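Please give a short report on this model. Cover the surface, the core and the strand pairing.

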Amino acid sequence: MNQKLLKLENLLHFHTVYRYLHSLGQRRTLLQCTHGFSSAYPVWTTQLCVWPWQTDVFIGAALSQYRLLVTKEEKRPWKSQLSSTKSKKEVEVWIGMTVEELATAMEKDIDYIYEALLNTAIDVDSLEAHSQLDEMWIKEVIKKAGMKLKWSKLKQDKVRENKDAVRRPQADPALLTPRSPVVTIMGHVDHGKTTLLDKLRKTQVAAMEAGGITQHIGAFLVSLPSGENITFLDTPGHAAFSAMRARGAQVTDIVVLVVAADDGVMKQTIESIQHAKDAQVPIVLAINKCDKAEADPEKVKKELLAYDVVCEDYGGDVQAVHISALTGDNLMALAEATMALAEMLELKADPTGPVEGTVIESFTDKGRGPVTTAIVQRGTLRKGSILVAGKSWAKVRLMFDENGKTINEAYPSMPVGIIGWRDLPSAGDEILEVESESRAREVIDWRKFEQEQEKSKDDLKILEEKRKEHQEAYRKAREKYGTLHWKKRSFIKYLERKEQKPLKPKEKIERDSNVLPIIIKGDVDGSVEAILNIMDTYDASHECQLDLVHYGVGDISENDVNLAETFDGVIYGFNVNASNVLQQSAAKKGVKIKLHKIIYRLIEDLQEELSSRLPCVVEEHLIGEASILATFSVTEGKKKIPVAGCRVQKGQLEKQKKFKLIRKGQVIWKGSLTSLKHHKDDISVIKTGMDCGLSLDEEKVEFQVGDEIVCYEEREVLPKTSWDPGF
């Protein structure tokens, strides 16, 4: 710009000088020619001398206008560039951004994001408002919106403060006081565990158990004549309750392994040994049913050697006590052996400070709400304490012992029932005491947040897998149609769409019949957990899909019936009740309610229900067999019909049934007969040993001597599910 102005100024100054010199020349000439009458023109001469200076004023104005013009021209492209930058809106984004967050940042609605992702490799149908988007798709949406992307470091670095409650550091050994041992009784089903506890507690727990099988865990405090107390946990021996046995081993000090002297080491015996080893808990062996004639305790000890359970008789450190739970023989010796081992372990606990414990069992009581059975491991539990377990919290309203008696305090190793939970915690959850209700809510919020974060990560993995699947499908489609002309490509796609016909009502019914929606209700959390663990082993989805609609603890309610009606499902109840009014209502709605007291009966019922949903299998039932001895043809009108001369070797041939022709072990024809004759008579049945002539409904089939004719009928047979739950 400066160079342009200098050039212009030089030109204008040159022009001014030239005009000035020219005017001076004219003035000199006029003065010489008109010397005598110069006074007649005084004004003209003055104007002639002034004119060049007026030109300078004009030139100065022109220069200033030109400077302004050039400056504006140079500023104009800068302003236009600035305005174009301002028109692109900056959107602040971060890694792991959800659909809803992106829509908010762009000041758009969620539908706009879905529309922007149409015709891309991502499955838009699987996206929800809280679904996290990949970096690639965030860039794609912002690019289509014509906006500018800005990565936010703040969102990545921002970490929510951990508000979880944790166990206290280990207590000062000087503060520790002796405590009672927590003993878990383990063993195979029906080896006498509950009978043993019954004798120790002098109660009738075993009589209350359905089928003599412990259905869920129980915690009992047993007082010995010596004044010492032992807390016993009774774990189920049934195969379904593996998780509950493992949980019992984790909160215990000593495992009493009950093995029947007449039965020996069984599957759940081995599993119990493994649980004890995993938890690093010492074992006391109780060989039960020694009062039976066929009892062989030595055989049991030898069998246990294979599983590294070496009794003292064989040089090991495992105490073995021969008992009879039924008659009560030697039970005190078992209790003394347990207490002796407990003394060697020097079990101590800190009875001061906030409570720490473990949920052994949880259930819902009609009058009292959510109830838990817990073992206190540290501190002293009192009424009014604020507890946190899993994603539930409680203000203790009431505490009671195993006999239902109200207590005011619970010390370490003591089993206690707790009432006052807002929600039902899960069995196995850690119990921690906090200072206030607000702190309890803070802990629960944090744990729910952590769960959501884990779920988001899992969802992101699933989305990534889906994206890869769609990209692969898109790539294959491109390879398939890439070389074709657009007309041919469109025609092939039209044919593919035509093949994808909507399901007819009958087909829909058949498809729906291959799904069994179920609702599970149990008396306690552990029972429901055991049933769900069995359902996890279901591996026959190719036959019938098992769909768990809902599960919970407590009696069957009207909501359960309504849910079952909606999904056309079946309600299974374990150790729960359903009122007569509710059962009548369910019957009117066509909802099945199946109540059971023994777990394997419930699973058998479920297997039968699954089998009933399977399509019938058609089986062939043999009626008779005949061999072809000769072949000939018969003329009927202008047609020659092949006829086979046969002799019935087995059973009988019935004309109305179905037939098949077998040659060298291969079926070459299936259908029906057009004629069946004995000599010249038309008959409907030919019995064993009789000769006959027959013709088929297909004339092109040629008979050969030695072929077999088989008469059969098809019967529909109800199939059985291939699912084997393992017991």
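## Surface patch

Phenylalanine 491 counts as partly exposed because its relative accessibility is 48% (buried is under 20%, exposed over 50%, partly exposed in between; 1.4 Å probe, protein chains only). Phe491 sits in helix α14, residues 486-499. Helices are DSSP runs of H or I with at least four residues, strands runs of E with at least two, numbered from the N terminus.

Phe491, Tyr494 and Leu495 form a nonpolar surface patch with about 300 Å² of accessible area together.

## Basis

This is a predicted model: local features need pLDDT of at least 70, side-chain atom pairs count only at pLDDT 80 or more, and totals for chains, interfaces and linings use all residues. Residues are numbered from 1 along each chain as its sequence is written, and side-chain values use heavy atoms, leaving out hydrogens and water.

## Nonpolar cores

The largest nonpolar core has 29 residues; Leu516, Ile518, Leu546, Leu606, Leu610 and Trp723 touch the most other members. Elements giving two or more residues to this core are β19 (515-522), α16 (525-535), β20 (545-553), β21 (570-574) and α19 (599-613). α16 gives the most, six residues. A core joins buried Ala, Val, Leu, Ile, Met, Phe, Trp, Tyr and Cys residues through side-chain atoms within 4.5 Å.

A second, separate core of 26 residues includes Leu197, Val222, Ala286 and Met339.

## Strand pairing

Strands β27 (673-678) and β30 (691-696) pair antiparallel over four bridges. Pairing takes at least two DSSP bridges. Leucine 676 stands opposite leucine 694 in β30.

β27 also pairs antiparallel with β28 (681-682), over two bridges. Lysine 677 has aspartate 682 in β28 as its bridge partner. Two residues lie between the strands of this hairpin, where histidine 679 takes a positive phi near 60°.

Notes
Patches are made of residues with over 30% relative accessible area and no salt bridge: like charges are joined within 9 Å, nonpolar side chains (Val, Leu, Ile, Met, Phe, Trp, Tyr) within 5 Å. Accessible areas come from the Shrake-Rupley method with a 1.4 Å probe; for residues, only the protein chains shown count as cover. A salt bridge is a side-chain nitrogen of Lys or Arg within 4 Å of a carboxyl oxygen of Asp or Glu.
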